[in-house]
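Work through the exercises below with the sequence and the model open. Each task is followed by a stepwise solution.

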Amino acid sequence: MEEEIIVSGRMNQLIDPQLNIWHWQIPLYLFLGGMAAGILCIAALYYIRGREKDYRIAVRITPFLASFLLVLGLITLFIDLRHKLFFWQLYTNIRLQSPMSWGAWTLMVITPVSFIWCALHIRDLFPRWDWK
Amino acid sequence: MRYAMAVDTRKCVGCSDCVVACQTENDVPHGFCREWVVEVMNGTYPQLEIEIRSERCNHCINAPCVRCCPTGASHFAEGGIVLLEHNKCIGCGACMASCPYDARYPHPSGYVDKCTFCIHSIKSGLAPACAAVCPTKCIYFGDLDDPNSNVSVVLKKRKSKTLIPEAGTKPQLYFLI
């Protein structure tokens, strides 16, 4: 038998148990980010294999969703930070050993690119609009 | 330079003086702590043994918190002390999740906070608050690279152990058994 009692200092639900380090925001981001990644992967796959015509919705239409999902995910990530106004410190260095640094830089690249893609292909979404 | 601490579990009475001294010295907000006291009961009645440990950040050589930090706020300071730069911390909690010893807590101001081995005291040649205040003098602090420092001497003389060695973090908080 081994019994361990914490005698002093840690009788605090904010510290023990530390099951609540990350809150609902992170699972929500993982879901949204995963969905965006899946949409982009499938679109890229069919585009590269030249099946663009057969899968028009997957290649041309659904990638519009990805950028909005990413923005929603970014908002939830921001909400989860405790020291919010210092979030820009993520982009002052690249730390190869930190998974979170990888994620931050990946989002930094993918999100603007997905918006540029939306701007370039917006005509496909509303073909009947008078684009001039 | 390699700072380390040794806690004598045979001498510690679990009075929590170190906990209070730490909270006072470092202005730790109410309800939080940088160090704590654990009482472990082992065996079956009537062969019971009790071990009392004063625990804090282990200032690991291979610290997962420093590796996980996305901004470089957690870093190694002089003597291998794991420190946190408040103005770089975004409060993402990666370090708290990675620490096998649960040594970090979220400060109400937003950043994550932890034991610093009282680096401000060390710099002026004083002992950390917990070691200075211990009534049974069971906390030894010093430089492991110096063979004559009290922590090196006591670690050579006595058997010691570290917590969760299987995590591979090479902790620098030793417990004399």
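Two strands pair if DSSP finds at least two bridges between them. Strands themselves are DSSP runs of at least two residues, numbered from the N terminus. The model is a predicted one.

**Exercise 1. The sheet around E1(B)**

Task: Give the strand order of the open four-stranded sheet in chain B, and find which strands stand at the edges.

Solution. 
Step 1. The order is E8-E1-E10-E9 in chain B, and the pairing is mixed.
Step 2. E8 (139–143) and E9 (160–161) of chain B are the edge strands. Each has a single partner strand, so one side of each lacks a neighbour in the sheet.
Step 3. Take E1(B), residues 3–8, against E8(B): the two are antiparallel over five bridges. In this pair Tyr3(B) stands opposite Asp143(B), and Met5(B) stands opposite Phe141(B).
Step 4. Take E1(B) against E10(B), residues 173–176: the two are parallel over four bridges. Here Val7(B) has Phe175(B) as its bridge partner.

**Exercise 2. Two faces of one strand**

Solution. 
Step 1. In a regular strand the side chains alternate between the two faces of the sheet.
Step 2. Buried means under 20% relative accessible area. Six of the six residues of E1(B) are buried, so the strand is largely enclosed by the rest of the structure.
Step 3. Asp8(B) has a relative accessible area of 2%, so Asp8(B) is buried.

**Exercise 3. Salt bridges within the chains**

Task: How many salt bridges are there over all chains, and which parts of chain B does the pair Arg158(B) and Asp8(B) link?

Solution. 
Step 1. The count over all chains is nine salt bridges.
Step 2. The side chains of Arg158(B) and Asp8(B) form a salt bridge at 2.9 Å, N to O. Arg158(B) sits in the loop between helix H6 (150–157) and E9 of chain B, while Asp8(B) sits in strand E1, 150 residues apart.
Step 3. Compare accessibility. Arg158(B) is partly exposed at 27%, whereas Asp8(B) is buried at 2%.
Step 4. Turn to chain A. Asp124(A) and Arg60(A) meet in a salt bridge at 3.4 Å, N to O. Asp124(A) lies in helix H4 (residues 99–125) and Arg60(A) in helix H2 (residues 56–61) of chain A, so the pair ties together parts that are 64 residues apart in sequence. Asp124(A) is partly exposed, with a relative accessible area of 27%.
Step 5. Arg51(A) and Asp54(A) also form a salt bridge, at 3.1 Å, N to O. Arg51(A) is partly exposed at 32%; Asp54(A) is exposed at 54%.
Step 6. In chain B, Glu51(B), Arg53(B), Glu55(B) and Lys161(B) are linked in a network of salt bridges.

**Exercise 4. The surroundings of Asp113(B)**

Task: Is Asp113(B) buried or exposed, and which side chains are joined to Asp113(B) by polar contacts?

Solution. 
Step 1. Asp113(B) belongs to strand E7 (residues 112–113) of chain B.
Step 2. The relative accessibility of Asp113(B) is 4%, so Asp113(B) counts as buried.
Step 3. The side chain of Asp113(B) makes a polar contact of 3.0 Å with that of Arg34(B). A polar contact of 2.6 Å joins the side chains of Asp113(B) and Tyr105(B).
Step 4. Leave out residues up to four places away in sequence. Asp113(B) then touches Arg34(B), His86(B), Ala103(B), Arg104(B), Tyr105(B) and His107(B).

**Exercise 5. The interface of chains A and B**

Task: Describe the contact between chain B and chain A: what area is buried, and which element supplies the largest share of the chain B side?

Solution. 
Step 1. In chain B, 41 residues are in contact with 31 residues of chain A.
Step 2. The area buried between the chains is about 3,200 Å², and carbon and sulfur atoms give 54% of this.
Step 3. Between the chains there are zero salt bridges, but nine residue pairs in polar contact, both at pLDDT 80 or more.
Step 4. On the chain B side, strand E2 (35–44), helix H2 (64–68), helix H3 (94–98) and strand E6 (105–106) each supply at least two residues. The largest share, nine residues, comes from E2(B).
Step 5. By class, this side has 22 nonpolar, 12 polar and seven charged residues.
Step 6. Strand E1 (residues 2–8) of chain A pairs with E2(B) in the antiparallel sense over six bridges. In this pairing, Ser8(A) stands opposite Val37(B).

Notes:
Residues numbered from 1 in each chain as written. Chains lettered and ligands numbered in written order. Predicted model: local features only at pLDDT ≥ 70, side-chain atom pairs only at ≥ 80, totals over all residues. Heavy atoms only, no water. Contact = heavy atoms within 4.5 Å. Buried area = accessible area lost by both parts, 1.4 Å probe. Salt bridge = Lys/Arg side-chain N within 4 Å of Asp/Glu carboxyl O. Polar contact = N/O pair within 3.5 Å; in protein donor to acceptor, adjacent residues only side chain to side chain. Nonpolar A, V, L, I, M, F, W, Y, C, P; charged D, E, K, R; others polar. Buried < 20%, exposed > 50% of the residue type's maximum accessible area, 1.4 Å probe, protein only.
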